[in-house]
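User: Please take a close look at a single part of this model and describe it in plain terms.

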Amino acid sequence: MSRLPATVALSIASARGDIGTNADYVWKLQATLGALGIRDDYVSELALALHEAPCNDKLHQRGASL
């Protein structure tokens, strides 16, 4: 199983739980880490890949504009 951000993003882009999308979780994680002065290259690459991942989920599309 590949752990490349673009590959993982495809799964995350269409996943959702009871409290929201997995894409929103990744974008919020990236923002929170940044606010704390923490840079995680993998999370940053994953967040970027999510912006480019195809998805029909309206919440995912909303998050892509953050």
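Analyst: In this predicted model, Ala23, Val26, Trp27, Leu29, Gln30 and Leu33 of helix H2 meet Val43, Ser44, Leu46, Ala47, Leu50 and His51 of helix H3 (contact means heavy atoms within 4.5 Å; helices are DSSP runs of H or I, at least four residues, numbered from the N terminus). Local features need pLDDT of at least 70 and side-chain atom pairs 80 or more, while totals for chains, interfaces and linings use all residues. Residues are numbered from 1 along each chain, and side-chain values use heavy atoms, without hydrogens or water.

H2 and H3 pack at an angle of about 140°, and their axes are 9 Å apart (axes are lines fitted to C-alpha atoms, over the stretch in contact, with angles from 0 to 180 degrees between N-to-C directions). H2 and H3 are therefore oblique to each other, the class left after under 35 degrees (roughly parallel), over 145 (roughly antiparallel) and 65 to 115 (roughly perpendicular).

Val43, Ser44, Leu46, Ala47, Ala49 and Leu50 are the buried residues of H3 (buried is under 20% relative accessible area, exposed over 50%, partly exposed in between, with a 1.4 Å probe and protein chains only).

The loop between H2 (22–35) and H3 (41–52) holds Arg39. Arg39 is exposed, at a relative accessible area of 65%. Its side chain makes polar contacts with the side chains of Asp41, at 3.0 Å, and Ser44, at 3.4 Å (N or O atoms within 3.5 Å, one able to donate a hydrogen and the other to accept it; sequence neighbours count only through side-chain atoms on both sides). At the start of H3, a side-chain oxygen of Asp40 comes to within 3.0 Å of the backbone nitrogen of Tyr42.

Key: Helix = DSSP H or I, 4+ residues; strand = E, 2+ residues; numbered from the N terminus.
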